[in-house]
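I opened my notebook to go through one structure, step by step. Here is what I looked up.

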Amino acid sequence: MIETEKLQSVAPEGAWQVCIDPACGARFEINERFYVCPGCGGLLDVALESATDTGPDRLREVWTKRLASFEPNDRSGVWRYRELLPFAADAPIVTLAEGNTPLYAAPVAAAYCGLEALTLKHQGCNPTGSFKDTGMTTAVTQAVILGARTVVCASTGNTAASLAAYAARAKLQCAILVPRGQISHNKLAQSLDYGAAVLELDGNFDDAMRVIRELAEDASIYLVNSINPFRIEGQKTVAAELLHQRGWRVPDHVVVPGGNLGNSSAFGKGFKELKDLGLIDSLPQLSVVQAEGAAPFSALFGSEADVLTPIEHPQTLATAIKIGAPVSWKKALRAVLESDGRVLSVSEQEIADAKAIIGRDGVGCEPASATTVAGIRRLVANGFIGPNADVVAVLTGHILKDTDYAINYHQDKLFTHDRAPDKTKEDRRIAGTYSNPPARVKATKAAILEGLRRHEQEHPGDLLHL
Ligand SMILES: [Zn+2]
């Protein structure tokens with residue numbers, strides 16, 4: 001067994017929680033239990049003021065050596081980069097070997113976007129099938145450090161599934177609060193298996209948020225909602241893993257889906273810290289793609305306004321990014337502006353088609369992930385991304401997170417949730433542009449060969465000539 005490489009970890013004394021509002025800038029001990037700035041209500045950042053004094057060459061060397069180690073902390077694609085994290089060397093780490101997600105060359109998706117090449121970073125290959133795990137390992141570790149007995153979130157989506165799994169690993173009680181009747185099936189199945197208490201509340205989402213704020217006053221309960229700064233810390237290591245996998249070659253563009261914008265914030269923070277440490281000498285341009293019916297961040301970016309206007313009834317079938325009031329928008333805006341990126345939105349039809357195209361590279365993702373390829377296609381068409389650019393699209397969730405969507409698309413039965421009264425059902429149909437429906441054939445060799453011949457005729461290898 002290869003000896004674990006040890007470097008001086010960032011001691012908690014070197015890490016602070018800092019209010020991101022420049023007019024406030026208040027800072028607090030790393031282990032004080034706040035969710036927002038108690039002074040002004042602003043979001044909190046973790047700042048490593050005495051980050052590792054190890055040089056970039058030594059960091060690269062140690063991180064590479066850890067790839068050959070069997071120690072759980074080295075096997076984790078998050079804790080492998082622990083010099084970037086605000087935890088002491090003896091922290092009670094809660095890990096499921098998260099991270100370590102693949103980079104795939106995607107020639108079909110590249111051609112669809114008008115690019116020479118395109119790389120997919122598939123965060124859906126995490127233990128619970130979404131990128132949330134990279135942030136949950138650090139947030140639940142922090143819950144253990146703070147002595148919490150119960151962890152809580154308000155969601156039935158990827159966050160809930162991930163929190164339930166990490167709470168089970170840490171032997172913490174997990175409460176998932178949701179307004180009644182808003183339970184999404186695929187992801188709920190995970191939370192139930194992981195043993196979480198799924199509590200359906202009488203009331204709407206605002207009621208759920210109010211109850212959560214009241215619960216947070218209890219010291220035995222730790223909130224793991226999307227503004228929790230320790231989630232962002234874990235998620236930012238994905239930037240390090242991505243660059244490590246690329247031999248520290250900085251891509252020209254990194255494109256992520258935009259929902260609550262924690263992911264965009266984390267990538268921005270990660271790239272910036274790697275640059276500050278001398279591991280890279282430039283930042284990739286970070287762009288964010290939203291679904292048209294849930295695009296308040298895109299609207300802000302395209303306007304003169306300097307405050308985000310929430311959308312009351314967000315609508316998209318890409319449920320993972322169906323968010324009208326993204327809490328992390330200030331952090332995400334900072335990251336996009338610092339790297340000269342863009343924010344845009346794409347239609348339900350574009351998302352559905354892009355998802356099917358990604359599938360033709362042998363890579364399955366949930367609908368929200370496909371906003372990236374749809375968005376890149378637009379950014380190439382309008383000249384913001386050149387055809388020879390080095391582009392990475394970040395896929396956030398696994399295809400098995402939403403199987404109904406895929407089956408309906410391929411059978412021409414996918415409809416948007418558009419509530420506009422003047423729209424008929426037919427107006428809301430999403431065309432199965434690249435659909436691949438199952439066919440019924442007789443149980444004979446001749447019928448099967450005929451079925452294959454017909455399938456090949458209807459779905460030639462070169463999709464783009466369809
Ligand atoms: Zn403040």
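**Entry 1: a term first.** I call a residue buried under 20% relative accessible area, exposed over 50%, and partly exposed in between. Asp-340 has a relative accessible area of 44%, so I wrote it down as partly exposed. I also noted that this is a predicted model.

**Entry 2: the partner of Asp-340.** I looked at which side chain meets Asp-340 in a salt bridge. It is Arg-342, with 3.5 Å from N to O. Arg-342 is partly exposed too, because its relative accessible area is 30%.

Entry 3: How many salt bridges does a search of the whole structure find? I got 24. Side chains of opposite charge can pair when their charged atoms come close.

I picked Glu-273 next. Its salt bridge is with Lys-269, and the closest N and O atoms are 2.7 Å apart. Both residues lie in helix H9, which covers residues 262-276. They sit four residues apart, about one turn of the helix. Are Glu-273 and Lys-269 buried or exposed? Glu-273 has 18% relative accessibility, so it counts as buried. Lys-269 is buried as well, at 10%.

I then turned to helix H15, residues 445-458. Here Arg-453 and Glu-450 are three residues apart, again about one turn of the helix. Their side chains meet in a salt bridge of 2.9 Å, N to O. Arg-453 is partly exposed at 43%. Glu-450 is partly exposed at 30%.

I also found a network of salt bridges. It links Arg-66, Asp-74, Arg-82 and Glu-83.

**Entry 4: a nonpolar patch.** I stayed with helix H15, where Ile-448 lies. Ile-448 has a relative accessible area of 44%, so it is partly exposed. With Val-441, Leu-449 and Leu-452, Ile-448 makes a nonpolar surface patch of about 360 Å².

**Entry 5: the zinc ion.** Which residues coordinate the zinc ion? I listed Cys-19, Cys-24, Cys-37 and Cys-40, each through SG, at 2.3 Å. In sequence the donor residues follow the spacing C-x4-C-x12-C-x2-C. The angles among the four donor atoms run from 96 to 115 degrees, and the site is tetrahedral. The ideal angle for four tetrahedral donors is 109.5 degrees.

Cys-37 counts as buried because its relative accessibility is 2%. Cys-40 counts as partly exposed, because its value is 40%.

**Entry 6: two strands.** Strand E1, residues 15-19, pairs with E3 in the antiparallel sense over five bridges. In E3, Leu-48 is the bridge partner of Ala-15. E3 spans residues 44-48 and is mostly covered, with four of its five residues buried.

Definitions and conventions. Residues are numbered from 1 along each chain as its sequence is written. This is a predicted model: local features need pLDDT of at least 70, side-chain atom pairs count only at pLDDT 80 or more; totals for chains, interfaces and linings use all residues. Side-chain values use heavy atoms; hydrogens and water are left out. Patches are made of residues with over 30% relative accessible area and no salt bridge: like charges are joined within 9 Å, nonpolar side chains (Val, Leu, Ile, Met, Phe, Trp, Tyr) within 5 Å. Accessible areas come from the Shrake-Rupley method with a 1.4 Å probe; for residues, only the protein chains shown count as cover. A salt bridge is a side-chain nitrogen of Lys or Arg within 4 Å of a carboxyl oxygen of Asp or Glu. Buried means under 20% relative accessible area, exposed over 50%, partly exposed in between (1.4 Å probe, protein chains only). Donors are N, O and S atoms within 2.8 Å of the metal (3.2 Å for Na, K and Ca); water is not among the atoms, so sites may look incomplete. Four donors count as tetrahedral if all angles lie between 85 and 135 degrees; four count as square planar and six as octahedral if opposite donors are over 155 degrees apart and all others between 65 and 115; anything else is irregular. Two strands pair if DSSP finds at least two bridges between them.
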